[in-house]
Amino acid sequence: MSRARHERGAAYLLALMVASITSAAGLAALSIATTKARTSILEDDFSRAQLNARSGSEHAMRTLAASIADGTGWRANLSGLVHWQDVDRGQFAWRFTEFDGSTLLDNGDGPVRLAVRGVHSEARYRVEATFVPSGDPLDVLEVGLYCGNDLYFGAGATITSDVAIATGANADAPLGSTINADVEAVGTINGSTYSGTTTAGASARRLPDPSLVTYYNTRGTVIPLASLPNVLGTRYLQDVLLSDASNPYGTPNEEGIYIVDCAGANIVVTRCRIVGTLVLINPGLFSTIGAGVLIQGDKPYMPALVVDGSITFAGTTAGPDEAASGINFNPEHTPYLGDGDDDQVDAYPSGLRGLVYVDGDMTFAFPRMDFVGTVIATGRSSALAGATITIQHDPQIPTLPPVGAFVDEGAVALDPESWIWTW
């Protein structure tokens with residue numbers, strides 16, 4: 001074969017290679033352009049699906065508001081209803097359900113969930129939100145501490161509150177106590193150790209209705225008294241994590257409400273973290289919320305503690321300690337400040353965060369107890385010698401008050417922290 005022929009063959013092969021590469025590059029460019037166009041179309045579809053979901057959310061809320069306003073019973077009107085509507089070359093659909101997913105809104109006056117789906121072409125977008133019973137908050141939620149009967153501070157007792165504390169009867173702070181708060185009383189104010197303003201003869205503030213106890217008692221999950229350790233007749237709720245995803249005594253309550261019927265026995269709550277509402281029924285005379293405790297309502301509109309009876313607070317500055325209790329207090333399903341893990345080396349602050357309601361007398365004992373929220377007792381409140389109480393008022397509580405702490409006219413309110421937006 002001649003040299004020229006080889007050169008012509010090589011040139012031809014080279015030309016084929018170049019043509020192949022050029023063709024491949026062209027096909028690749030076409031593929032990339034097609035992919036980008038497809039991606040752009042999908043992004044546009046998802047944006048329109050999201051817009052349709054927003055429209056559906058607004059339509060559902062307008063329908064709910066109109067149903068509440070007409071007074072014909074919004075739960076019955078919306079029970080089992082699934083609303084579909086065509087919009088913008090797509091659709092939206094919405095429905096209200098109970099917390100357990102039932103479309104029959106027959107669970108009394110509990111919270112309900114709204115689920116909305118926006119559709120455009122092949123794209124889907126989902127929105128969820130929670131609506132809770134609501135109404136005008138009772139004025140008692142504006143103060144840090146309120147008791148229906150006398151308020152007494154023993155010698156050496158100290159209370160600090162960033163808003164007023166109040167009593168529906170008389171306030172008495174003898175020499176040696178320290179009151180770092182404004183004080184108001186329907187009756188008299190005795191003593192001279194007040195650092196803030198004092199207002200005697202004030203108007204009584206409205207206490208929650210006793211149905212507050214009934215509401216949470218009927219919605220909670222019972223922790224059998226017999227399942228708690230018994231030491232000389234006193235039951236101990238200790239070394240546990242309770243939340244809407246954690247209940248070592250049985251099935252978790254999806255609202256994080258747990259009930260212990262003490263049947264007159266003393267109970268000590270200690271070394272535990274509770275993300276939810278603890279309800280104590282008929283506790284014994286020496287029942288105590290003790291050291292190593294962190295209790296926080298699962299939602300802003302959920303109380304931290306409800307007591308049908310009397311209780312003593314006797315905590316410390318130290319909260320739950322995983323190493324001391326031998327359990328993990330912040331697993332992934334119940335994180336703390338957004339942090340969940342699987343170790344047992346963390347320690348937490350102490351105190352109660354949220355509404356504390358005691359349908360009876362309330363006693364504060366040495367050394368201290370810290371609160372974030374509002375503390376209410378229908379009976380007498382006493383701070384024993386040497387006790388320290390700190391209260392930081394939570395303005396969220398009057399904004400979205402718990403059931404029993406507002407004027408109930410059958411309305412509901414949106415929990416602004418409950419929005420979930422998902423593809």
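Trainee: What share of the 423 residues in the protein chain is buried, and what makes a residue count as buried?

Mentor: Happy to start there: 46% of the 423 residues are buried. Buried means under 20% relative accessible area, exposed means over 50%, and partly exposed lies in between, with a 1.4 Å probe and protein chains only. Bear in mind that this is a predicted model, where local features need pLDDT of at least 70, side-chain atom pairs count only at pLDDT 80 or more, and totals for chains, interfaces and linings use all residues. Residues are numbered from 1 along each chain as its sequence is written, and side-chain values use heavy atoms, with hydrogens and water left out.

Trainee: How many helices and strands does the protein chain have?

Mentor: There are 5 helices and 34 strands. These are DSSP runs numbered from the N terminus: helices are H or I with at least four residues, strands are E with at least two.

Trainee: How many aromatic pairs are there, and why is the one between phenylalanine 96 and phenylalanine 131 called edge-to-face?

Mentor: The whole structure holds 10 aromatic pairs. Rings of Phe, Tyr and Trp (its six-membered ring) pair if their centres lie within 6.5 Å; planes under 30 degrees apart are stacked, over 60 edge-to-face, and the rest tilted. Phenylalanine 96 and phenylalanine 131 have centres 5.9 Å apart and planes at 70°, so the pair is edge-to-face.

Trainee: What does that pair tie together?

Mentor: Phenylalanine 96 lies in strand 2 (residues 90-98) and phenylalanine 131 in strand 4 (residues 123-137), so the pair ties together parts 35 residues apart in sequence. Phenylalanine 96, at 1% relative accessible area, is buried, and phenylalanine 131, at 4%, is buried too. Both residues also belong to one aromatic cluster with Trp94.

Trainee: How do you know that the charged end of arginine 113 sits over the ring of phenylalanine 99?

Mentor: A charge sits over a ring if NZ of Lys or CZ of Arg is within 6 Å of the ring centre and within 35 degrees of the ring normal. Arginine 113 is 4.0 Å from the ring centre of phenylalanine 99. Likewise, arginine 54 lies over the face of tryptophan 421, 4.6 Å from the ring centre.
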